[in-house]
Amino acid sequence: MMGKRALKSLFVASVFLLGTVITQQAHAENAVQIEALGPGNRILGLDISKYQHTKNLPIDFAKMHSAGVRFLYINGGNTIEKADTEAANYYRSDRTGAQLAGIYTGLYYYAHPPRTTDMNIVIANAHNQAKKVIDRIQEDGGYNTLDMPVALDIETNCTSMSKSGICHRSMSNVYLVRWVKTWLSDVQSALGKTPVIYSYMSFITSHFAYDNELAKYPIWIATARINPANPEAKPTMKSGKCPVSPWTDTKCNVSWKIWQYSSGGAGARYGLQAGPVDLNVLGGASENFYSLIAPSQA
């Protein structure tokens, strides 16, 4: 039977929980509506990398904002050292410029799994690669109110590739998933927002299909040649089959957060001196956007 002290503790906890819920609801109600100026009345976003800097000319972020862009993912890290240094340099200036123009920004990290058959090395490598991103964000003072969660760009399990681009050795799904989950867990614990997974649907179904623990991480899907101007369009419509993934429900609907629908956007339209550029839309309206950028509960 519960004593008086336990009842009092339960009451206090209940009041605290209720207050938290009310505060969150009030914040959601008072949040500024993010303009949905993309195709299909969706919130429009871009993602950029060094390839948008090939002419060494500045990006006009004010023009980007005027063109309807409300979020921007920037390549801010890479497994390969030279590419990582290059990405880090562009990320800092691009983040500052975009946020000054009123655009939300996020860092995406392009990952290559290590060449090894030792699970201990797999885990250690994931910790080390996550630390690069964590340090990069923390060196700039951590997340601010215009920062989106970090995204892990994972679209290869190749660990040994020839100069001609032929993959000679690949990481098994068991090792790859362990690497991904370790990286994501480290980033979430250190930075306080649930990171995003970026990939394409066939890679997701081939390598992540049956690990339901991954479902707690938002998914950003790259699928081209489907018109997002149709409000009913989805990034998983192309195959016509039910995609097996941690984000698929019993009715074959995939719970996606961001959809990269084109890699052929006209860069000049968005203030870029070098195009083309990747185009994205958010799944849902402002409340979905704010839930994506909110601090994690885990």
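# Close-up views of the predicted model

**Figure 1. The link of C242 and C252 is left-handed, with -105 degrees about the S-S bond.** The two residues are 10 residues apart, and both C242 and C252 lie in the loop between β8 (219–222) and β9 (258–265). This view, like those that follow, shows a predicted model. A disulfide is a covalent bond between the sulfur atoms of two cysteines. In the pair C242 and C252, the sulfur atoms are 2.1 Å apart. C242 has a relative accessible area of 40% and is therefore partly exposed. C252 is likewise partly exposed, with a relative accessibility of 32%. The backbone of C252 has a positive phi of about 70 degrees, although this residue is not a glycine.

**Figure 2. C158 and C167 are joined by a disulfide, with an S to S distance of 2.2 Å.** This link is right-handed, with 115 degrees about the S-S bond. C158 is buried, because its relative accessible area of 9% falls under the 20% limit. C167 counts as partly exposed at 35% relative accessibility. The structure has two disulfides by the rule applied here. Counted along the chain, the bonded cysteines of the protein follow the pattern 1-2, 3-4.

**Figure 3. M64 and W183 touch the most other members of the largest nonpolar core, which has 55 residues.** Helix α5 (residues 173–191) supplies the largest share of this core, namely eight residues. Another core of 18 residues lies apart from it and includes F71, A151, Y290 and L292. With neighbours within four places in sequence left aside, W183 is in contact with Y109, A126, Q129, A130, V133, V150, A151 and L152.

**Figure 4. R42 is buried yet has no salt bridge.** This arginine is located in the loop between α1 (4–30) and β1 (44–48). The nearest side chain of opposite charge belongs to E232 and is 7.6 Å away. A salt bridge requires a side-chain nitrogen of Lys or Arg within 4 Å of a carboxyl oxygen of Asp or Glu. When residues up to four places away in sequence are not counted, R42 touches A36, L37, P228, N230, P231, E232, A233, W256, W259, V281 and L282.

**Figure 5. Helix α3 (residues 81–100) has a span that agrees with expectation.** At 1.5 Å a residue, its 20 residues should span 28 Å, and the end C-alpha atoms are 29 Å apart. Residues D84, A87, A88, Y91, D94, R95, A98 and Q99 of α3 are buried. Among the elements that cover the buried residues of α3 are β1, α2 (61–66), β2 (69–78), β3 (104–110) and α4 (119–139). Just after α3, G102 takes a positive phi of about 90 degrees.

**Figure 6. E35 and R70 form a salt bridge, with the closest N and O atoms 2.6 Å apart.** The pair links distant parts of the chain: E35 is in the loop between α1 and β1, R70 is in strand β2, and the two are 35 residues apart. E35 is partly exposed at 41% relative accessibility, whereas R70 is buried at 8%. Side chains of opposite charge can pair when their charged atoms come close. By the rule applied here, the structure has 10 salt bridges.

**Figure 7. A salt bridge between E139 and R92 connects two helices, with an N to O distance of 2.9 Å.** E139 is in helix α4 and R92 is in helix α3, 47 residues apart. E139 counts as exposed at 59% relative accessibility, and R92 counts as partly exposed at 29%.

**Figure 8. The side chains of E213 and K181 meet in a salt bridge, with an N to O distance of 3.0 Å.** E213 is in the loop between α6 (201–207) and β8, while K181 is in helix α5, 32 residues apart. E213 is exposed, with a relative accessible area of 53%. Elsewhere, salt bridges that share partners join D84, K132 and R136 into one network.

**Figure 9. R225 has a positive phi, near 65 degrees, and is a residue other than glycine.** Most residues other than glycine have a negative phi. R225 lies in the loop between β8 and β9. R225 is exposed, because its relative accessible area of 75% is over the 50% limit.

Note on methods. Residues numbered from 1 in each chain as written. Predicted model: local features only at pLDDT ≥ 70, side-chain atom pairs only at ≥ 80, totals over all residues. Heavy atoms only, no water. Core = buried A, V, L, I, M, F, W, Y, C linked by side-chain atoms within 4.5 Å. Buried < 20%, exposed > 50% of the residue type's maximum accessible area, 1.4 Å probe, protein only. Helix = DSSP H or I, 4+ residues; strand = E, 2+ residues; numbered from the N terminus. Contact = heavy atoms within 4.5 Å. Lys, Arg positive; Asp, Glu negative; His and termini not counted. Disulfide = S-S within 2.5 Å. Expected span 1.5 Å × (residues − 1).
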